[in-house]
Amino acid sequence: MVALDASSGRQLWGWSGGGGIDGLAYGSGSVVASGFNGTVTVLDAITGAKLWEVKVAEWLGNPATIDREQVFVPSPEGHVIAYSLSDGTELWRSAVTAPSK
């Protein structure tokens, strides 16, 4: 992944997520990268510096997303896990069940 200057097209920073990137999200000055290797990595959107990283599972089937100061990650085990955007602390997790028919 690379960040480009919108005016000049010059590369500002680059990052390689050792295992492939499944999805990206942006919010509150951060970029969240979900990796095929089951990691979620949060980078500073201006500098590209890694702020934190967490191994969620062996693989992630769906990308993480940001809402305000939380990162939400769907796990393959059927949970949604919320992490603090600022430091990666796990705030909560909840099992997700399919609706009954």
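The model is predicted, so local features need pLDDT of at least 70 and side-chain atom pairs count only at pLDDT 80 or more, while totals for chains, interfaces and linings use all residues. Residues are numbered from 1 along each chain as its sequence is written, and side-chain values use heavy atoms, with hydrogens and water left out.

Start with the overall picture. The protein has ten strands and zero helices. Here helices (H or I, at least four residues) and strands (E, at least two) are DSSP runs, numbered from the N terminus. Along the sequence the pattern reads β-β-β-β-β-β-β-β-β-β. Taken along the principal axes, the C-alpha atoms fill a box of roughly 55 × 25 × 25 Å.

Next come burial and surface. Of the 101 residues, 38% count as buried. Buried means under 20% relative accessible area, exposed means over 50%, and partly exposed lies in between (1.4 Å probe, protein chains only). The accessible surface comes to about 5900 Å². Carbon and sulfur atoms hold 53% of that surface. Areas come from the Shrake-Rupley method with a 1.4 Å probe; for residues, only the protein chains shown count as cover.

A contact means heavy atoms within 4.5 Å. Among contacts with a separation of 6 or more, 24% join residues 24 or more positions apart. The protein has 6 positive and 10 negative charges, and their mean positions are 4 Å apart. Lys and Arg count as positive, Asp and Glu as negative; His and the chain ends are not counted. Each charge is placed at NZ of Lys, CZ of Arg, CG of Asp or CD of Glu.

Now move to Trp15. Trp15 sits in the loop between strand S2 (11–14) and strand S3 (21–27). Its relative accessibility is 16%, so Trp15 counts as buried. Leaving aside neighbours within four places in sequence, Trp15 is in contact with Met1, Ile21, Ala33, Thr41 and Leu43. Met1 is 14 residues away along the chain, yet the C-alpha atoms of Trp15 and Met1 are separated by 5.3 Å.

Ala33 in S4 is the bridge partner of Leu24. S3 and S4 pair in the antiparallel sense over six bridges. Two strands pair if DSSP finds at least two bridges between them. S3 and S4 form a hairpin with two residues between them. Ser28 lies in the loop between S3 and strand S4 (30–35). The phi of Ser28 is near 50°, a positive value in a residue other than glycine. Ser28 is partly exposed because its relative accessibility is 46%.

Arg68 is not a glycine, but its phi is about 55°. Arg68 is placed in the loop between strand S7 (65–67) and S8. With a relative accessible area of 66%, Arg68 is exposed.

The aromatic residues follow. The structure holds two aromatic pairs. Rings of Phe, Tyr and Trp (its six-membered ring) pair if their centres lie within 6.5 Å; planes under 30 degrees apart count as stacked, over 60 as edge-to-face and the rest as tilted. The ring centres of Trp52 and Tyr83 are 5.9 Å apart and their planes stand at 45°, so this pair is tilted. Trp52 belongs to strand S6 (residues 50–55) and Tyr83 to strand S9 (residues 79–84), so the pair links distant parts of the chain, 31 residues apart. Both Trp52 and Tyr83 are buried.

The other pair is Phe72 and Trp92, with ring centres 5.9 Å apart and planes at 50°, so the pair is tilted. Phe72 is in strand S8 (residues 70–74) and Trp92 in strand S10 (residues 90–95), so the pair ties together parts 20 residues apart in sequence. Trp92 has 37% relative accessibility and therefore counts as partly exposed.

Not counting residues up to four places away in sequence, Phe72 touches Ala64, Thr65, Asp67, Val80, Ile81, Ala82 and Trp92. Trp13 lies 59 residues from Phe72 in sequence and 25 Å away in space, C-alpha to C-alpha.

Ile81 leads on to Ser75. Ser75 touches Val56 and Ile81, again not counting residues up to four places away in sequence. Ser75 lies in the loop between S8 and S9. Its relative accessibility is 10%, so Ser75 counts as buried.
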